[in-house]
Amino acid sequence: MRGHVLVVDDELSMREYLELLLHRDGYAVTSVPGVKPACESLDGVDLVICDMKLGTGSGLDVLRAARARSEPPEVVLITAYGSPAAAVEAMREGAYDYICKPFDNEELRLLVQKALEKRLLRQENSGLRARLLPGLGVAVGQSSRMQAVWALVEKVAPSRSTVLVTGESGTGKELVARAIHMRGSRAAQPFLPFNCAALNEGTLESELFGHMKGSFTGATHERAGLLVSAGEGTVMLDEVGEMPLATQVKLLRVLQERKVKPVGSAAEVPFKARVIAATNRRLEAEVKAGRFREDLFYRLNVITLELPPLRERAGDISLLASYFLSRLAEELGRPALRFAPETLVLLERYSFPGNVRQLQNMVERAATLSDTDLLGPSTLPPAVRGEAEPATSPSGEAGEPRLGAGFNLERHLDDSERRYLLAALKQAGGVKTRAAELLGLSFRSFRYRLAKHGLTDDLEPGGAAEA
């Protein structure tokens, strides 16, 4: 089931109608006629759809009872008397939204979907915050290097200072950025990660700063950028080292003035969001090479938080692997999944060039492909077992690649990336969002790489769907 919905209405016909509508969409539904049975039926409920007038009672009473719970469900109120005052009162009391009879079925369906998505996001944020509390989980790690990182997270989280998170690809920069957000006063506000490498210059500025209606082809309506949309939350600028120079100039001014100028507008709009930047590049070297502005580097580099690669904290490998496996065991419904001791030994000896992301994908591969609950060494890739995989030379022959005149490392890296993209699409059955997860990439970054390699829908195996 997609979620448990409680329907509260004193009219039997309306309860039956909503039950039928929601059952068809795959929701579990409980329906009751009044305030008292509604308040007694809130256990395990994800969403309440409640009539505003319930005989002598009121939907606001149900709303208050729902909001008083430790993990409150979202509440949508329905009424035949659509007064603005009632809507304002309902929203002030914490209702997700308000809809008037007679309503459109599609409008209600969309409202239900969005309300449940909000509840799921709140639960995920709550779970993430619990996992990132010191000493309560291995998502951060227990090595001295990661404990030092965590101590710095605790110090910077309450401030509004800009933070620069650096580290190799796959070290968990977004996880740490989320931790900074969740440990501060902004935890209840949005956390919006944004991949600066995934879009061209014009689209990048529109996404960050917003745009006015008619400012460019396709701008059919005014849109606020991420910095404004985040409210008092946090915007994470991932892969900031790949931002075009022209956009870097504008970002510097935005950070200094704390105001954005939407594309096509002459007016500036203030914003309150905190900015956390992340990069796997050495920005000092990028500055010397002229690819990154020195003034922006110093503006972002107020507080630097460097994540160590996994090979430098080998003591965390078994903890992380066991943590990822426990999550998979729950998702797959296989609670007995476990590593053989020799498997953990092999993992601890491996250098993990892809860092934590590679380890997570490796654990998922082992759990998915294993026919037994005991994951032995055979479930690991050959390289981890110490068995060299055949390398392909530029001439296409197996063996150690021949280096020298005519060899181009970038081309070979591109070829490898393309093979991984195709393999992920194949394993995900053509579903792009799933393929992105398998590679440990954000969807924007994955889509950017598909475009980079010319992997359009008609070339992808099975016809790659968006979701």
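## Strands β6 and β7

In this predicted model, T79 stands opposite C100 of strand β7. The two strands involved here are β6 and β7. Strand β6 covers residues 74–79. Four bridges tie β6 to β7, and the pair runs parallel.

## The sheet

Strands β6 and β7 belong to an open sheet of five strands. Its order is β2-β1-β3-β6-β7, and the pairing is parallel. Strands of a sheet pair through backbone hydrogen bonds, in either a parallel or an antiparallel way.

Which strands stand at the edges? They are β2, residues 28–32, and β7, residues 97–100. Each has a single partner strand, so one side of each lacks a neighbour in the sheet. On average, neighbouring strands of the sheet are turned by 20° against each other, direction ignored.

## Helices across the sheet

Helix α1 spans residues 12–24. It lies across β1 (4–8), β2, β3 (47–51) and β6. Against β2, helix α1 runs at about 175°.

Helix α3 is formed by residues 59–67. It lies across β3 and β6. Its angle to β6 is about 180°.

## T247 in helix α10

Helix α10 runs over residues 245–257 and includes T247. Is T247 buried or exposed? Its relative accessibility is 0%, so T247 counts as buried; the cut-off for buried is under 20%.

Which residues does T247 contact, leaving aside neighbours within four places in sequence? They are E201, L204 and E205.

Notes. Residues are numbered from 1 along each chain as its sequence is written. This is a predicted model: local features need pLDDT of at least 70, side-chain atom pairs count only at pLDDT 80 or more; totals for chains, interfaces and linings use all residues. Side-chain values use heavy atoms; hydrogens and water are left out. Two strands pair if DSSP finds at least two bridges between them. Axes are lines fitted to C-alpha atoms, for helices over the stretch in contact, and angles run from 0 to 180 degrees between N-to-C directions. Contact means heavy atoms within 4.5 Å. Buried means under 20% relative accessible area, exposed over 50%, partly exposed in between (1.4 Å probe, protein chains only).
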